[in-house]
Amino acid sequence: MVLQSSYDVNMNTAILNIKTDPDTKEQLKAFAAQVGLPVSALMNAQIKQMLRNGKVEFSTALEPTPYLKAIIKEAEADYATGRNIHGPFDSAEAMIADLEK
């Protein structure tokens, strides 16, 4: 990534240019529009948060994969029918005894 900056004497703002791939740029524009902000306002908020906190934080929404969704669905069906259900156990020994069956 290449960063360039310059100072805009007409507006008391600095221009910050970054390079990214066209797909990422379009996704960013769409996301900014979805949250109701121009890209510049969104990026300014992120930059200010990084400076305020003194750290960079990355996160994404946790979304299970199709494989994991299938396993969860299977486990829920097992639970609903009482299949493959063990416990609760009163002791570790009782749990081990059940596992050894």
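This is a predicted model: local features need pLDDT of at least 70, side-chain atom pairs count only at pLDDT 80 or more; totals for chains, interfaces and linings use all residues.
Helices (H or I, at least four residues) and strands (E, at least two) are DSSP runs, numbered from the N terminus. Residues are numbered from 1 along each chain as its sequence is written.

Begin with the whole chain. Four helices and two strands make up its secondary structure, in the order β-β-α-α-α-α from the N terminus. Of the 101 residues, 5% are buried, that is, under 20% relative accessible area with a 1.4 Å probe and protein chains only; over 50% is exposed, and in between is partly exposed.

Next, select residues 39-53, which form helix α2. The expected span of a helix is 1.5 Å times one less than its number of residues. The 15 residues of α2 should therefore span 21 Å, and this agrees with the 21 Å between its end C-alpha atoms. Then select G54, which follows α2 and has a positive phi, near 70°.

Move on to helix α3, residues 66-81, and pick out I72 within it. Is I72 buried or partly exposed? I72 counts as partly exposed because its relative accessibility is 36%.

Among contacts in the chain between residues at least 6 apart in sequence, 3% join residues at least 24 apart.

Technical notes. Side-chain values use heavy atoms; hydrogens and water are left out. Contact means heavy atoms within 4.5 Å.
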